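Subject: Structure for you to look at

Dear colleague,

I am handing over the structure that I mentioned, and below it I set out what was found. Please keep the model open while you read.

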Amino acid sequence: MGKIHNFGAGPAKLPEEVYDIIKDELTNFDETGISLLETSHRSPTYFKLNKEVQDVVRRLLDVPSNYKILFLSGGGQGQFAGVPLNLISRTGTADYIVTGAWSAKAAKEAKKYGKVNMVLPPTDRYVDIPEQSTWNLDPNASYVYICTNETIHGVEFDTIPDTKGVPLVADMSSNFMSKKVDVSKFGVIYGGAQKNIGTAGVVLVIVREDLLNQALPICPSILDWTVNAKADSILNTPPMFAILVMGRVLQWIEKQGGLDKMAELATKKSSLIYDIIEDSNGFYYAPVAKNVRSKMNIPFRIGSPTGDDALEKEFLKGAEALNLIQLKGHRDVGGIRASTYNAVTLQEVQTLENYMKDFYKKHAN
Ligand code: PMP
């Protein structure tokens with residue numbers, strides 16, 4: 001089998017160098033003679049790894065000292081409940097800025113625990129983010145919730161919203177560590193690791209300390225940030241192997257030149273694809289407004305704005321023949337989606353670019 005180019009939205013490609021490192025340490029972790037898979041989570045070996053991974057997160061994002069770094073389970077969706085359970089008690093109400101399927105799901109989950117104010121008018125066509133001056137923000141909200149990058153719809157915030165002092169909570173599952181962000185502008189940042197920073201099983205949560213100690217009494221301990229912070233993320237058996245993989249990915253990012261380098265590459269890679277779309281006279285069609293087009297997940301249609309089914313099928317078939325895989329769009333939106341996360345190389349995106357150009361030449365009238 002030739003080299004595979006994986007454009008999947010998640011679980012997504014991991015850096016090739018990280019596989020080499022994990023392979024080497026799989027059966028003899030940190031010179032202990034045993035695998036991390038059979039190591040106690042209450043051993044000095046694991047305590048050391050727990051700190052090592054927290055440290056690399058702190059370095060990469062310049063996380064201020066008044067923020068806790070937590071490794072939790074339950075996936076991104078666990079935090080759809082975790083966020084309101086930990087934060088909504090202050091006023092009983094929260095603002096949700098819904099810009100795609102994932103923030104919509106988070107808002108739905110939050111309604112179980114308090115009042116949810118929808119900041120934007122309802123839509124099922126997520127293709128832009130309205131001007132902040134039109135937003136219906138509630139000054140009494142316990143927090144304002146956003147998903148910085150909508151994995152399915154390909155809508156990415158280009159600025160950090162001004163919430164006038166209300167804590168901002170961000171789901172960064174699909175653009176975590178793709179660029180520098182000013183952590184001090186957020187109350188909480190979280191994300192599942194399986195897209196840009198590792199494998200499924202661990203959620204990275206970064207929470208400002210003054211937002212602890214207000215969980216609802218019904219909050220399960222396993223989702224309670226305060227309880228987990230006190231236990232240094234070893235409340236129960238953590239997903240140790242997923243935390244190791246995340247650590248190795250983050251150390252790899254550091255070695256590549258850090259988040260500025262990731263941002264530079266993300267801009268380059270996504271521009272290659274968006275430029276072909278723009279230059280195709282409508283043959284390729286990207287529905288999302290230019291200023292909020294995602295640099296991580298690029299959804300597009302072929303043949304028309306609603307997609308020509310036969311052409312899209314042929315595109316996917318031809319792509320697979322070239323080992324360009326997992327390009328099928330999410331079932332909610334159809335069409336094609338190319339995910340160009342950190343681990344996807346510029347060369348791989350150029351291979352896709354060339355295929356798109358050839359396909360255009362062959363099929364555009
Ligand atoms: N948020 C975003 C932005 C996502 O893309 C996803 C998963 N695709 C989730 C949350 C849910 O994550 P999980 O599957 O880990 O629960």
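The largest cavity is lined by Phe 71, Leu 72, Ser 73, Ile 222, Asn 228, Ser 233, Ile 234, Leu 235, Asn 236, Pro 238 and Pro 239. A cavity here is a set of points, on a 1 Å grid over the protein atoms alone, where a 1.4 Å probe fits but cannot get out, and lining residues have an atom within 4 Å of a point. By class, this lining divides into seven nonpolar, four polar and no charged residues, where Ala, Val, Leu, Ile, Met, Phe, Trp, Tyr, Cys and Pro count as nonpolar, Asp, Glu, Lys and Arg as charged, and the others, Gly among them, as polar. The space in the largest cavity is about 60 Å³, a volume being the space filled by probe spheres set on the points, which are joined across faces, edges and corners.

Before going on, please note that this is a predicted model, in which local features need pLDDT of at least 70 and side-chain atom pairs count only at pLDDT 80 or more, while totals for chains, interfaces and linings use all residues. Residues are numbered from 1 along each chain as its sequence is written, and side-chain values use heavy atoms, with hydrogens and water left out.

Next comes the ligand. It is surrounded by 13 residues, of which the closest are Gly 76, Thr 151, Asp 171, Gln 194 and Lys 195; a residue is counted if one of its heavy atoms lies within 4 Å. This shell has three nonpolar, eight polar and two charged residues, and helix 3 (residues 75-87) gives the most to it, with four residues. Helices (H or I, at least four residues) and strands (E, at least two) are DSSP runs, numbered from the N terminus.

Which atom of the ligand lies 2.6 Å from an N or O atom in the side chain of Asp 171? It is a nitrogen atom of the ligand, and this is a polar contact, that is, a pair of N or O atoms within 3.5 Å. An oxygen atom of the ligand lies 2.9 Å from a polar side-chain atom of Gln 194, and a backbone N or O atom of Gln 77 lies 2.9 Å from an oxygen atom of the ligand. Taken alone, the ligand exposes 390 Å², and the protein buries 84% of that, with accessible areas taken from the Shrake-Rupley method with a 1.4 Å probe.

Finally, there are two backbone details. The peptide bond from Gly 10 to Pro 11 is cis, with omega near -5 degrees, and Pro 11 is found in the loop between strand 1 (5-6) and helix 1 (16-25). Lys 164, although not a glycine, has a positive phi of about 55 degrees, and Lys 164 lies in the loop between strand 7 (155-156) and strand 8 (168-171). Most residues other than glycine have a negative phi, and most peptide bonds are trans.

With best wishes

Key: Polar contact = N/O pair within 3.5 Å; in protein donor to acceptor, adjacent residues only side chain to side chain. 1 Å grid on protein atoms, 1.4 Å probe; cavity = no way out; pocket = protein on both sides within 12 Å on 5 of 7 lines; lining within 4 Å.
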